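Here is a short report on one protein chain. Look over the sequence and the model first, then read on.

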Amino acid sequence: VPGVTASADLMTIPSSLKPSPAVVALHDHGAHFTIGKEKMVCPFNVSDEIMADAKAWADKNYDGAFFGDSLARHGYVVLSIDALFWGDRGRKEGPDYDAQQALASNFLQMGTSWGAVINMDDVRSAEFLASLPFVDAKRIGCCGHSMGGYRSWMLAALTDVIAVSANI
């Protein structure tokens, strides 16, 4: 991303390193589990297969743009993580709905829910951003599309770290 000194599958950092606004970018469900964070931030140092998958997803759903990269070009720190069961946090055997249902059922048997685990990961993401010296902790927002939009609403409700939530 031009104007960005560091970029990873997870986070973009503006080159200024001054306290900047930040966004937790929350990926959608899309019944597409092989990528997660790569739906929001253009990946690098990944296999050709993952890159092609991410670009195809951006073309299909976001007019070819990676939302997190667009924010980064405007000076935002952007953090995007894989929700449990997507991308790097998915199954080696490959994702499927039976496995998704089994995961949800196991969490319920342990007295929690899959959604609660994802929500707490998102809260930790926001808290991590707030701890960084190059993030303006009073200007942290979150955004998402579809399931990411639901995650964004939940994140804004669960922590005062989030100042604004935008959902599609």
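## A loop serine

This is a predicted model. Ser113 sits in the loop that links helix H3 (97-109) to H4. Ser113 is partly exposed, because its relative accessible area is 27%, which falls between the 20% limit for buried and the 50% limit for exposed.

Beyond the residues up to four places away in sequence, Ser113 touches Phe107 and Leu108. Leu103 is ten residues from Ser113 along the chain, and their C-alpha atoms are 9.2 Å apart.

## Confidence

The mean pLDDT of the protein is 90. A value of 70 or more is reached by 93% of its residues.

Residues 1-9 stand under 50 in pLDDT throughout. The model gives this stretch 27 contacts beyond four places in sequence. Where pLDDT is low, the predicted coordinates should not be read in detail.

## Strands E5 and E6

E5 and E6 run parallel, joined by four bridges. Within this pairing, Gly141 stands opposite Val164 of E6. From E5 the chain passes through H5 and on to E6. This β-α-β crossover is right-handed.

## Helix H5

The buried residues of H5 are Met147, Gly148, Gly149, Arg151, Ser152 and Leu155.

## Cysteines

How many disulfides does the structure hold? The count is zero. For Cys143, the nearest cysteine sulfur is that of Cys142, 7.3 Å away, and Cys143 is in no disulfide. The cut-off for a disulfide is 2.5 Å between sulfur atoms.

Cys42 has its closest cysteine sulfur in Cys143, at 16 Å, so the pair is too far apart for a bond. Cys143 is also buried, because its relative accessible area is 6%, and the limit for buried is under 20%.

Note on methods. Residues are numbered from 1 along each chain as its sequence is written. This is a predicted model: local features need pLDDT of at least 70, side-chain atom pairs count only at pLDDT 80 or more; totals for chains, interfaces and linings use all residues. Side-chain values use heavy atoms; hydrogens and water are left out. Buried means under 20% relative accessible area, exposed over 50%, partly exposed in between (1.4 Å probe, protein chains only). Helices (H or I, at least four residues) and strands (E, at least two) are DSSP runs, numbered from the N terminus. pLDDT is the predictor's confidence in each residue, from 0 to 100. Contact means heavy atoms within 4.5 Å. Two strands pair if DSSP finds at least two bridges between them. A crossover is right-handed if, with the strands pointing away from the viewer, the path from the first strand over the helix to the second runs clockwise.
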